[in-house]
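Me: Before we go through this, I would like each label checked against its rule.
Reply: Fine; ask for the rule, and the value will be set against it.

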Protein chains: 2
Amino acid sequence: ERVAAMLQKKAALGDEQPSGKFVLKTPKGTRDYGPASMAVRESVLKTVTASFKKHGAETIDTPVFELREVLMGKYGEEGGKLVYDLQDQGGELLSMRYDLTVPFARYLAMNKITNIKRYHIAKVYRRDQPVMTRGRYREFYQCDFDIAGQYDLMLPEAECLKIVDEVLSGLEIGDFYVNLNHRLILEGMFAVAGIPADKFKTICSSVDKLDKTPWAEVEEEMIKEKGLNSEQTTKLGAFVRFREINPTLSNSELLSKIAELEGLSNNDKFKKGVSELQVLIEYCDIYGIKSVKFEPALARGLDYYTGAIYEAVAPKALEGTAVEKAEDAEGQPAGVGSVAAGGRYDGLVGMFSPKANVPCVGVSFGIERLFAIKEARQAAQSVLRTSETEVFVASAQKNLLKERMKICKELWDDGIKAEFAYKANPKLLTQLQYCEERKIPLVIIIGEREIQEKIVKLRNVASREEEDVPLSSLANAIREKISKLL
Amino acid sequence: ERVAAMLQKKAALGDEQPSGKFVLKTPKGTRDYGPASMAVRESVLKTVTASFKKHGAETIDTPVFELREVLMGKYGEEGGKLVYDLQDQGGELLSMRYDLTVPFARYLAMNKITNIKRYHIAKVYRRDQPVMTRGRYREFYQCDFDIAGQYDLMLPEAECLKIVDEVLSGLEIGDFYVNLNHRLILEGMFAVAGIPADKFKTICSSVDKLDKTPWAEVEEEMIKEKGLNSEQTTKLGAFVRFREINPTLSNSELLSKIAELEGLSNNDKFKKGVSELQVLIEYCDIYGIKSVKFEPALARGLDYYTGAIYEAVAPKALEGTAVEKAEDAEGQPAGVGSVAAGGRYDGLVGMFSPKANVPCVGVSFGIERLFAIKEARQAAQSVLRTSETEVFVASAQKNLLKERMKICKELWDDGIKAEFAYKANPKLLTQLQYCEERKIPLVIIIGEREIQEKIVKLRNVASREEEDVPLSSLANAIREKISKLL
């Protein structure tokens, strides 16, 4: 009867597609990842997870859907509308996860976990308007690292920033830096500038535009649209533009000097924020992190974050790639936005378990953006391989199928990644072309002579250099050549 | 208004849960995977993917949901009822993927791909009655390896069997074997036994029980429930029990001898099946595969497979584990069913693209079962680690936080996996207990003396042996010890 119901529904929809045949496509806002995309993704994730593991992190996974009640009310009005719901087929009402943070909080509360350093890399779902050309999909990966637990001041934050620094250096995406601020610094500046508390959130989102928009425009918006007066904006401007105004000062100099500004020096929240960041900056220095910049204009997630906040940007990551050129042609900025962001959020677990006090701090990598950056940069170099085959076993004459199979068997059993053609009598040229297309570095060529002499010809596909190698030492010869080539 | 609609729905359902508070749980038939489960999963997948990559495979990914039309009519009446549908929120009608094979066929047809050797490891969704104690969930992983393309006889099949043999050996789950049969052999035997074609499928499912049920019972079922007569079952019995009756014969002897049986020797389908398996058996011998057994009673998926079929079983994989004991106590068999299965299916891509002729052969690992086996076996050994931390940096005295941070920084920058306590003044005992609990193999202990002399105490957590190591050669000393320990 389900099918019948579906057919009725289809009829009601006007049956736009001829029956028996339909357009082969993936759902709106989703895509397949072919071997080339997957190879990029695997290599990025390898760098990221290696760093997480270096810092002792564990990993967890949660179901792709949650009870609808778990997600309800967690993403504000806007976010709530974008949640994918499952059909009520009898039983529980379910929705697809919208991020990894709420499932993480649910996991901690449900299992009464008070201490964990975990990462979670998985897909999330948002019924957003997709913009495929800019990489905005309805199904996409998130990659979160979080430290939950009661710890001493700024130690988990410093480790998060160390990981951001390590991962972004390791990915080789060009220069990057990490803007750093603190919720209490934002609140202090707003209060001292005379902005009423009920406007903090909306002013926050104006200030957050300062990385792309000149001050004059942002000020106009705050006056005309958000009802501030110029006294307020002038004061606020002197605070949030403090780094811009003092470009040569170090982080700790900036923090000391901004704390001396009129009004701020008497605001307790502000002073607490500054003293916490001073500790964090000192720890960053110990960890040799040079990418972090105190930026009083960084303003994000006021209803979420409770302490330090940070956001990493890599403005030149797409420089020289085809993506940059395409965006330039469209008249859009070729920069890339945030590639990692996070901060301290001490209230989340309490949403599920009011008595539990599980402070959290974390960072979420913009992993889809990082995939896109690496894909664009790798396309520029065209060195991508989609399989890891080290050697292809070819024959120059007919009737050598079983000989090729025997050699492959020995190589596989020795741990060498090897392939051969699934044809009884393939042409040598076809076999060599396959190696070139697939960028397989080495090829073994056998013929009657080689079999009699118990040797093979081992050929470097790129340089076409050949040498005879005895069968008995073949695996080692391949390993040696591969270690020099890759 | 979505929320309002939901609240109405909730009210209609009788509002069983007190408002504002609900039971924290995952959806029915799903579970979280904590660090311990994830560690097992990662190690199993590492073995599996290493083998796939050794054979030159690429990987792809597809969306977790598909257009409902893509899945409709692909899983029979039973399967169709178990598909999760997404709610119609405007736009396309979507359903969660039920397996990885249909999305693979859709991917090939949509992209007009005629040649690929790919693996796909991802979660699939079935609204089945979950049996958590036996590891049956509604969200679970599948792990498929397939070779699509026109190739010479039995070469892709042989490589699939080599991979099964490699993976199951590599996982160390005890003895296993791979039953092998051919669709044409089954059809030939049924025809020669005088079974009408419209009963092939139902007789197939009777024959498939022979691995667990004695012949007499199966024969009774075929006579009483499926309307065969004893002449037919006697003939069929002589065929499908041929291995049972001739336990000492090799695969190729069995194939030769069964082909001499009365009636079979004249059946063209049967003869074709036998001659194909003879080629496959010869290739298995070349590949050194000892696990494969020709088994005329293996009967699966008649409406799906078109050629060779195989199924791997590991009857003693749970021997000696807590799972075995629990199941024995319940009076259930402690064996594990199939851990891998597959075969040739040449018709699937044609379901989406009638003109395309893309023959396929593949194998699907029972990866959830393999996870469960490894989890049970590892619990018995209790050697599991959930993080990869190699060394913990501890202090024996107060006020050494920054010293611990500096050492960690150097170790991280040198690629060593290191942790320290996020406390300014942790107790030494607490730090050492953490290492023991987490099975971290090495611990560095520093105090005033060590700092002055620019050394550290490097301690083996298990043996408690200690030695002084100069800071300048610390990373190398750790690497050397780790290489001996792990």
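Reply: A salt bridge here is a side-chain nitrogen of Lys or Arg within 4 Å of a carboxyl oxygen of Asp or Glu. The model is predicted, so local features need pLDDT of at least 70 and side-chain atom pairs count only at pLDDT 80 or more, while totals for chains, interfaces and linings use all residues. Residues are numbered from 1 along each chain as its sequence is written, chains are lettered from A and ligands numbered from 1 in the order in which they are written, and side-chain values use heavy atoms, with hydrogens and water left out.

Me: Why is the pair Lys117(A) and Glu419(B) called a salt bridge?
Reply: The closest N and O atoms of Lys117(A) and Glu419(B) are 3.0 Å apart, and the rule asks for within 4 Å, so the pair qualifies.

Me: What makes Lys117(A) and Glu419(B) a pair that joins two chains?
Reply: Lys117(A) lies in strand 4 (residues 116-125) of chain A and Glu419(B) in strand 12 (residues 418-420) of chain B, so the link runs between two chains. Strands are DSSP runs of E, at least two residues, and helices are runs of H or I, at least four, numbered from the N terminus.

Me: What makes residues of chain B and chain A count as in contact?
Reply: Contact means heavy atoms within 4.5 Å; the contact takes 104 residues from chain B and 103 residues from chain A. About 9,400 Å² is buried between them, with 59% from carbon and sulfur atoms; buried area is the accessible area (1.4 Å probe) that two parts lose on being put together, summed over both. In chain B, Leu24(B), Trp412(B) and Tyr422(B) lose the most area to chain A, together 9% of what that side buries.

Me: Which residues line the largest cavity?
Reply: The lining consists of Leu432(B), Cys435(B), Glu436(B), Val443(B), Arg459(B) and Val461(B); lining residues have an atom within 4 Å of a point of the cavity, a set of points on a 1 Å grid over the protein atoms alone where a 1.4 Å probe fits but cannot get out.

Conventions
1 Å grid on protein atoms, 1.4 Å probe; cavity = no way out; pocket = protein on both sides within 12 Å on 5 of 7 lines; lining within 4 Å.
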